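Here is a short report on strand pairing. Have the sequence and the fold at hand while reading.

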Amino acid sequence: MRGQDSLFPELNTADQGASAQAGALCPLGGAAPEGGGAPVVSGPVLGYVSVVIDIPARALSEPFAYGVPLALDEACQVGATVLVPFGRRVEAGYVVARSESLGKLPGAEGLEPFRIKPVREVVAAPAFSAASAELAFWMSREYVAPLSECLRLLLPPGGAGKVVRREDGSYAYEPPTVTSVTVRWVSLTEEGRSFEPAERAVRQRQLIDALSCGPVTTRELNLMNGDLSATIRSLEKRGVVTVEERRSWRGCEGSTTLSSANASAPKELTAGQQNALDAIARATEAASGDVVLVDGVTGSGKTEVYLAAIERVLAHGRSACVLVPEISLTAQTVGRFRSRFGDAVAVFHSRLSAGERLDQWDMVRSGAARVVVGARSALFCPLADLGLIVIDEEHEQSYKQGSSPRYHAREVAAKLAQLHGCALVLGSATPSAEALARCEAGGHGGARWARVEMPERPGTARLPEVIVADLRREFASGSRSIFSKPLLDALDEVVERRQKAVLLHNRRGFASFLMCRECGCVPTCKHCSTALTYHERTHTLECHTCGSSYRVRPYPEYGSACPKCGSRYLAKMGLGTQQVEDALRALLPEDVAVIRMDADSTRTKGAHQKLLEQFDAAECAVLLGTQMIAKGLDFPEVTLVGVINADYALKMPDFRAGERAFDLLEQVAGRAGRGEDPGRVIIQTYLPDEPVIRAVKTHDRSVFTEHDLGMRREALYPPYVRLANVLVWGKDERAARGLVMRIAEELRVEFGLDAAPMLHPVVETGSAGVEFSSRELLSRPQILGPTPCVIERAKDRYRFHIIVKAPLGCDLSGALSAAVSRAGTRPGVSIAVDVDAYDLM
């Protein structure tokens with residue numbers, strides 16, 4: 001772990017700019033600071049702290065030095081939230097380092113003690129450790145994000161509090177509104193066990209009987225016997241019962257009936273599972289943040305490897321963090337972990353309420369929970385003595401944060417593992433190109449990366465047979481059905497044998513869009529430059545970019561009209577999950593459950609779990625859904641997987657389109673054949689000769705990866721280079737365009753490139769110039785743009801971007817930070833820097 005002095009290049013004082021008056025001279029005798037409010041705590045200074053001001057600005061990504069008065073000595077520790085004088089006002093901040101003397105405070109060498117103001121007040125107990133603070137500094141630098149935003153990730157759920165100015169000019173701190181709750185527990189005292197109520201005291205007898213087996217909450221007592229409040233008070237005064245306030249842990253009630261939510265330990269591990277466990281043990285013993293990539297086919301038992309590895313970690317008194325990519329997997333995964341580790345498991349994801357997240361976070365901080373299972377934000381839970389981090393389905397794009405700070409959970413987890421000296425386990429049946437490249441190189445970022453294969457499924461389960469249905473032949477034979485003949489026949493067999501099927505269609509809604517058959521008009525959102533998706537249930541056109549909704553009647557319904565020419569022939573084009581659901585209900589018998597699972601049907605809390613439980617409980621059922629059903633789900637009764645149209649993702653304008661398509665198809669194919677009965681997968685496509693389709697059909701990843709890596713190497717995309725996307729947007733198109741041009745100029749200066757922009761670089765495929773272009777680009781960065789984004793306008797904002805390709809090992813983040821800083825800002829124009837970008841749209 002790097003020393004803390006590497007975190008603080010320079011601490012600010014009053015002489016370092018107008019905004020840095022926090023460290024200015026302030027008498028230590030108790031005089032009120034310039035900002036007004038309560039007097040400064042008087043007394044001698046017992047130490048000094050580095051404080052990060054809670055203002056999300058890149059210009060304030062360095063800490064300020066403050067003194068610690070005697071009265072705040074115990075409370076003012078690393079991780080605490082404090083109030084400090086800042087310029088002519090008072091602001092909240094976070095303590096990230098402390099030292100007895102100013103000279104020993106990292107980055108404060110040379111500062112004069114008499115110029116340092118004292119901390120005014122400690123308003124929240126420490127929420128993070130020194131190692132977590134170092135992680136936040138690393139994230140701020142790596143992802144060009146305001147430091148305070150990175151530190152907020154480490155705070156208890158509910159958001160940061162705020163400082164308000166009263167009418168009299170003083171300042172007050174308003175904490176987050178999310179608070180903990182307590183529950184009243186009633187129990188018998190020693191005297192109460194021999195207490196005999198009077199013959200007519202019926203209510204007292206009811207209470208004594210209810211408590212005879214142990215403590216019970218007042219809520220449960222009242223539910224069983226009616227209101228017993230008066231009886232409880234009476235017996236409490238007589239010393240018969242005691243009433244105790246205990247902290248309630250919301251978010252722990254998530255029991256499930258899913259049969260796959262149980263994880264009893266197998267009698268014997270497979271050879272692949274044992275090899276993976278041995279590799280994890282070696283990485284744990286090394287205590288240097290080593291990474292193990294568990295490359296196992298779908299259904300090979302990767303979850304059992306995670307569970308066994310965590311058992312070893314818990315046995316040594318340490319804790320573990322497990323990340324899953326989809327909320328739909330949470331109920332199943334949490335059920336498996338709780339079946340093995342009981343109440344020591346906390347769950348952390350966005351579908352919990354703020355109060356539930358706070359309680360789960362507090363369970364972790366108190367040590368009541370030593371295993372955290374959740375989405376990417378679970379990485380920042382305050383686990384003590386972290387011993388293992390697991391990222392399941394590590395290839396998933398959902399591990400990349402879409403808003404500032406735009407971190408990738410895999411990279412943050414790798415840094416966190418180094419800071420805590422623990423192992424990081426990445427699991428996937430379709431590992432990312434970046435992870436495979438690092439394993440091939442043997443290491444990355446100072447840690448060793450090792451890959452362990454798990455090529456077999458446990459027991460008698462086998463990988464399913466994959467059949468490719470050529471939709472070109474179906475069309476030529478006169479078929480106009482959504483379902484090809486092979487898929488129709490397979491569905492009939494599922495119904496006949498009373499089995500289950502999973503159908504993937506990665507397009508929600510009823511139709512992709514509406515189009516006028518006379519003038520060709522496609523209705524687009526008034527606020528975005530994207531086509532609207534038609535939803536049959538609500539008769540609305542909805543924008544999946546900003547959420548706007550418009551009422552509409554498509555042809556042949558009465559009232560159908562083109563918004564451009566007025567023609568009635570505004571027809572439904574494309575295919576969505578709602579339309580496939582209607583076709584399935586018309587095709588299958590009524591006793592076959594058809595369950596649709598997409599972003600529309602899972603909007604409410606607990607909807608994912610409810611739909612999966614319905615599918616699990618049904619005798620014969622078809623689960624239709626988008627990508628959320630393609631990974632992690634384990635139903636042994638599923639013998640058929642169908643892909644309605646595999647071509648949607650193949651031709652997206654994104655160099656990762658092929659990788660995403662392969663991941664999706666291979667993952668969904670793995671849902672079949674997990675039980676005793678063999679499985680089949682039917683993929684419908686117009687492009688049967690695509691490398692992605694051929695690789696999935698043969699269960700041979702190399703068919704795709706060799707083609708994909710060859711294209712990436714030629715076009716110079718990750719994992720051969722680093723990629724960043726600088727996005728600029730605003731309502732004023734001219735102002736946004738001017739700022740993005742300014743940033744591009746500063747980037748060229750920073751990298752020492754020619755002034756002329758390279759908007760559309762062309763590489764001649766198959767020519768001798770390819771190798772030369774590759775060598776030249778790998779030796780220095782390349783700037784593409786600025787250009788309008790693929791989605792030029794979103795939420796009434798005009799969008800421009802710059803794509804930067806840089807050699808591996810280049811200080812890309814530092815260059816981006818310097819260029820954006822020198823370019824300045826424009827009123828009403830926003831800037832987002834996305835390092836190691838995934839979304840280029």
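Two strands count as paired if DSSP finds at least two bridges between them. Strands themselves are DSSP runs (E, at least two residues), numbered from the N terminus. The model is predicted.

**The open sheet**

An open sheet is formed by 5 strands, in the order S2-S1-S4-S3-S5. Its pairing is antiparallel. Strand S2 (64-69) and strand S5 (121-124) are the edge strands, and each pairs on one side only. From one strand to the next, the twist averages 50°. Tyr48 has Gly67 in S2 as its bridge partner.

**Strand S20**

Strand S20 covers residues 500-504. Is this strand buried or exposed? Of its 5 residues, 5 are buried, so S20 is largely enclosed by the rest of the structure. Buried here means under 20% relative accessible area. In a regular strand, side chains alternate between the two faces of the sheet. In S20, Lys500, Val502 and Leu504 point one way. Ala501 and Leu503 point the other way. All of these residues are buried.

S20 pairs in the parallel sense with strand S27 (residues 621-625). It also pairs in the parallel sense with strand S28 (residues 638-643). Leu503 stands opposite Leu624 in S27. The bridge partner of Leu504 in S28 is Val643.

**Pairings by bridge count**

| Strand pair | Sense | Bridges |
|---|---|---|
| S1 and S2 | antiparallel | 6 bridges |
| S20 and S27 | parallel | 5 bridges |
| S20 and S28 | parallel | 5 bridges |

Technical notes:
Residues numbered from 1 in each chain as written. Predicted model: local features only at pLDDT ≥ 70, side-chain atom pairs only at ≥ 80, totals over all residues. Heavy atoms only, no water. Helix = DSSP H or I, 4+ residues; strand = E, 2+ residues; numbered from the N terminus. Axes fitted to C-alpha atoms, helices over the stretch in contact; angles between N-to-C directions. Buried < 20%, exposed > 50% of the residue type's maximum accessible area, 1.4 Å probe, protein only.
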